[in-house]
Amino acid sequence: MDVDINKVSESALEFPDNFLLIDLCGEYDRNLATLEQFYEVQILRRGNQLSVVGEEGPRQEAVATLKALYQRLEAGRSLEAGDIDRELRMGGPAVATPPGPSDQKELFKGKLTERVEIKTRKKLVEPRTEAQKTYVESLFDKELAFGIGPAGTGKTYLAVAVGVNMLISGKVDKIILSRPAVEAGEKLGYLPGDMKDKVDPYMQPLYDALGDFLPGKQMAKMMEEKVIEIAPLAFMRGRTLSNAFVVLDEAQNATSTQMKMFLTRLGEGSRMVITGDRTQIDLPRGVNSGLWDAERLLKHIPKISFNYFTSKDVVRHPLVAAIIEAYEAEDAKRL
């Protein structure tokens, strides 16, 4: 790091609540170390004060971030690694998800620096990149939205969060989550048990996402009462899905016929979300992906939203983004 010593100065911040300051700093000052590395500054802790040392621009940005994170703690909210990552990526004030569709449109229109919170039973979920924020906007604003991009970009997670939000706020009557039951490059053979036992391994990522947003007993009751349904794509044929929030995950593994069948299930009062990664198609050789065809055929329809993610939107371990970039670079060489 090259720093002009003549431009280095110091800003001191005082925090009245020592307990909140401990949370702000993190275990073994881990949060401060993250901010130091990101902004290329030095943060010194002295009693109930933090001193930020560095060049003017990065120093002021680090100070603003520290203040925003402390305000978050003052509001009684948690401060985890993901919250810090979001603040570093996006900044700007957090804005709660509004109660009605018309208000939602006003919230998002022309306010690119604001963040959005999705309220669920267990936690508040906030988009952590601009692409994620635009995606969440389209989930509230459009009846049919696509989320296309690599693994780890929050496509399914955010879709399920919005679905839970709309369910608990009474905007839809049920949530329907579906996936093609396609094995990822392996032949697992016949699975034991009844139909639920056979398909549950394919549906597990959807159970995991729901478990983040709903208490276990409530989730189990909703599933028992069919308020929440998790089913393979093949089970959708012949149904009309009305007043529901419907998610098709791993859509790159749907055939063209299956995709057309699923899209035409959309009924009155419903929202439908299609998520997929075009680089992870597990269909047999020679079988076209329905996601490709849907993108090609439906892009001109204004009421349908297509949202795209890249490795920059990966919110899992930083190595995941590096891995995706390496594969993308190799694919580019082959073209």
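**Aromatic pairs, briefly**

Phenylalanine 306 is buried, with 14% relative accessible area. Keep in mind that this is a predicted model.

**The tilted pair: phenylalanine 15 and tyrosine 70**

- The ring centres of phenylalanine 15 and tyrosine 70 are 4.8 Å apart, and with the planes at 55° the pair counts as tilted.
- Phenylalanine 15 is in the loop between strand S1 (8–14) and helix H1 (18–25), while tyrosine 70 belongs to helix H3 (residues 56–74), so this pair ties together parts 55 residues apart in sequence.
- Both partners are tucked away: phenylalanine 15 is buried at 3% relative accessible area, and tyrosine 70 is buried too, at 5% relative accessibility.

**The stacked pair: phenylalanine 146 and phenylalanine 306**

- Phenylalanine 306 pairs up with phenylalanine 146, and this one is stacked, with 4.4 Å from centre to centre and 10° between the planes.
- Here it's strand to strand: phenylalanine 146 lies in strand S7 (residues 144–148) and phenylalanine 306 in strand S12 (residues 304–308), so the pair ties together parts that are 160 residues apart in sequence.
- Phenylalanine 146 is buried, with a relative accessibility of 0%.

**A charge over a ring**

- Arginine 278 has its charged end over the ring of tryptophan 292, at 5.4 Å from the ring's centre.

Note on methods
Residues numbered from 1 in each chain as written. Predicted model: local features only at pLDDT ≥ 70, side-chain atom pairs only at ≥ 80, totals over all residues. Heavy atoms only, no water. Phe/Tyr/Trp six-rings, centres within 6.5 Å; stacked < 30°, edge-to-face > 60°. Helix = DSSP H or I, 4+ residues; strand = E, 2+ residues; numbered from the N terminus. Buried < 20%, exposed > 50% of the residue type's maximum accessible area, 1.4 Å probe, protein only. Lys NZ or Arg CZ within 6 Å of the ring centre and 35° of its normal.
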